[in-house]
Amino acid sequence: MSYIEKFRRRLNLRQRIFIFLSLIIILTLAGGSFTFIYALRVEALFTELTETHLSSIRTANQLETALANIKGYVSYYFIEKDPKWLGKMNAQRDIFLEKLRQAKNNATLEEDREALQRIEKEYLGYMNLKDRVIELYKTGQSEKGIRLHQRVREKFFDVMELTDQYREIHDRRIRESQEENRHQAKSMMLI
């Protein structure tokens, strides 16, 4: 006779019921604890996705929109010679710089800070060239302005490419978080 069998025979019915109820309570508490921990993890993942990554993707889209608007206003100015287009361009510049500042303030990882610094550097070079084009147009040097404007377009696409890369960083992190969450969900289901 095994030790467990001897132990079971020595217990009366009341003791057996108490042991089984205790085991049920322990298992119920353990299951509830795992569920609670899993719920906390899902909440943390959701918060990370919405507050960090989706916000950064939205910021990248806003940067691209402001940049696209800036691009068009100088052409409108050249065609119409109406300074209102330069005023609208300056408003979009302010929007771009404000969104970039917000993104830099919210950046927590070095990869984000480096990407935003590259965007800022290229953007400032782009705007410097754009300002030179505007000066050439204002002083009536249209041919020089047109030639320089072609270089400005190349800089525009460089800045757009960098904002796409910034968005891709956060798209990649979302995919990684989703994969990690799938693995954790499988583990929790097994438990």
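Colleague: Starting with Glu98, what's its relative accessible area?
Modeller: Glu98 comes out at 32%, so it is partly exposed. Here buried means under 20% relative accessible area, exposed means over 50%, and partly exposed is in between, using a 1.4 Å probe and protein chains only. This is a predicted model, so local features need pLDDT of at least 70 and side-chain atom pairs count only at pLDDT 80 or more, while totals for chains, interfaces and linings use all residues. Residues are numbered from 1 along each chain as its sequence is written, and side-chain values use heavy atoms, with hydrogens and water left out.

Colleague: Which side chain does Glu98 meet in a salt bridge?
Modeller: That's Arg101, at 2.4 Å, N to O. A salt bridge here is a side-chain nitrogen of Lys or Arg within 4 Å of a carboxyl oxygen of Asp or Glu. Arg101 is partly exposed, at 40% relative accessibility.

Colleague: How are Arg101 and Glu98 placed in helix H3?
Modeller: They're three residues apart in helix H3, so about one helical turn separates them. Helices are DSSP runs (H or I, at least four residues), as are strands (E, at least two), and they're numbered from the N terminus.

Colleague: How many salt bridges does the count come to?
Modeller: The count is 12 salt bridges. One of them joins Lys155 and Glu122, with the closest N and O atoms 3.1 Å apart. That pair links distant parts of the chain: Lys155 is in helix H5 (residues 142-190) and Glu122 is in helix H4, 33 residues apart. Lys155 is partly exposed at 22%.

Colleague: What about Arg175, which residue does it form a salt bridge with?
Modeller: Glu168, and the closest N and O atoms are 2.8 Å apart. Arg175 is partly exposed at 43%, and Glu168 is partly exposed at 37%.

Colleague: Which residues are linked in a network of salt bridges?
Modeller: Glu111, Asp112, Arg172, Arg173 and Glu176.

Colleague: Switching to rings. How many aromatic pairs does a search of the whole structure find?
Modeller: Seven aromatic pairs turn up. Among them, Tyr73 and Tyr76 are edge-to-face, 6.1 Å centre to centre with 70° between the planes. Rings of Phe, Tyr and Trp (its six-membered ring) pair if their centres lie within 6.5 Å; planes under 30 degrees apart count as stacked, over 60 as edge-to-face and the rest as tilted.

Colleague: And where do Tyr73 and Tyr76 sit?
Modeller: Both are in helix H2 (residues 13-80), three residues apart, so there's about one helical turn between them. Tyr73 is buried at 13% relative accessibility, whereas Tyr76 is partly exposed at 39%.

Colleague: Why is the pair of Phe96 and Tyr123 stacked?
Modeller: Because their planes are at 15°, with the ring centres 3.9 Å apart. This pair links distant parts of the chain, with Phe96 in helix H3 (residues 84-106) and Tyr123 in helix H4 (residues 110-138), 27 residues apart. Phe96 is buried at 0% relative accessibility, and Tyr123 is buried at 1%.

Colleague: Which residues do ring pairs link into a cluster?
Modeller: Tyr73, Tyr76 and Trp85.

Colleague: Which ring does the charged end of Lys71 sit over?
Modeller: The ring of Phe156, 5.3 Å from its centre. The rule needs NZ of Lys or CZ of Arg within 6 Å of the ring centre and within 35 degrees of the ring normal.
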